[in-house]
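Dear colleague,

Please find the structure below, handed over for your own work. A summary of the findings follows it.

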Amino acid sequence: CLTFQLACCCGTAACALCCKCCPKIKQSTSTRFMYALYFILVTIICCVMMSTTVANEMKMHIPFYKQMCKSIQAGEMCEKLVGYSAVYKVCFGMACFFFLFFLFTIKINSSKSCRAYIHNGFWLVKLILLAAMCSGAFFIPDQDTFLNAWRYVGATGGFLFISIQLILLVEFAHKWNKNWTAGANHKQMWNGLLALVTLILYSVAVAALVLMALFYTRSAGCMYNKVLIGVNGGLCLFVSLVAVSPCVQNRQPHSGLLQSGVISCYVMYLTFSALSSKPPETILDENNQNITICVPEFSQGLHRDENLVTGLGTTILFGCILYS
């Protein structure tokens, strides 16, 4: 019985062995699902580490919190286990894990090879390995140098991932537009739905543009924010005009405003992310007191805009991963 349970956790047919009621799925599909599950699990842990609410609740409700933090050498109040630095370390361990299996699976041509069996199974062992790599990152010597170097790696990876997200979104919108256009040949209802969705997407993009101009700019100052909002809004208008231009329509008959509407909403999200991450500006008011400008008044000291960006970014991230 113990051997059977170990095979269930570590073998290639875990779902089939443990859940007889589950429908049969391809081995490649289950493998992609498990790797995506690992990624989502680590991402959730990173979100918890970034939450100040969770950190404060741990301090208040865990007995002997200070003693525990000192015993595991995580700082007086476990500051090494929360915040940006902790997320960098956990993501470094996860990146090493996936890069290791990227190298391990190069030139695998058959699912019956020895490496393919390891790639498609042994999930408990892989989970332990992933946990060990993420935990081991906290014991890297010279943490300051590591974090400074890893920030550049993270910025480069973030740029590449945003580019991949754009490609995935364009492909998704293209298939969406193609399917609904094909349905319009049989029922005109699909044309109405296509126009409605396109209108909603552009309404969201325009509303986001107006709200960012309202909350992140003012008549005097905030020049950087004004330029960023104006340039990105102009680029969205340019992309929309290109999508319906005759030369594009001749080469891509299924191109239309739906694709540009999806991309416009995504660009507005990226603009919102940039504005919320930018350090606020301070000026002297008429009473010679420092006041903060170029940030929403309702979010000062509460980080509500940053929390919203994190939620939207995580949702888009999971959606793109599941779609890919």
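The charged end of Lys126 lies over the ring of Trp123, 4.0 Å from the ring centre; this label requires NZ of Lys or CZ of Arg within 6 Å of the ring centre and within 35 degrees of the ring normal. The model is predicted: local features need pLDDT of at least 70 and side-chain atom pairs pLDDT 80 or more, while totals for chains, interfaces and linings use all residues. Residues are numbered from 1 along each chain as its sequence is written, and side-chain values use heavy atoms, leaving out hydrogens and water.

Trp123 also belongs to an aromatic cluster with Tyr35, Tyr38, Phe97, Phe98, Phe101 and Phe104. The whole structure holds 17 aromatic pairs (rings of Phe, Tyr and Trp, the last by its six-membered ring, with centres within 6.5 Å; planes under 30 degrees apart are stacked, over 60 edge-to-face, the rest tilted). Tyr35 and Trp123 form an edge-to-face pair, because their planes stand at 80° with the ring centres 5.0 Å apart. Tyr35 lies in helix H3 (residues 27-50) and Trp123 in helix H8 (residues 123-136), so the pair ties together parts 88 residues apart in sequence. Helices here are DSSP runs of H or I, at least four residues, numbered from the N terminus. Both Tyr35 and Trp123 are buried (under 20% relative accessible area; exposed is over 50%, partly exposed in between; 1.4 Å probe, protein chains only).

Phe172 and Trp176 form a tilted pair, 5.6 Å centre to centre with 45° between the planes. Both lie in helix H9 (residues 143-184), four residues apart.

Yours sincerely

Methods
Helices (H or I, at least four residues) and strands (E, at least two) are DSSP runs, numbered from the N terminus.
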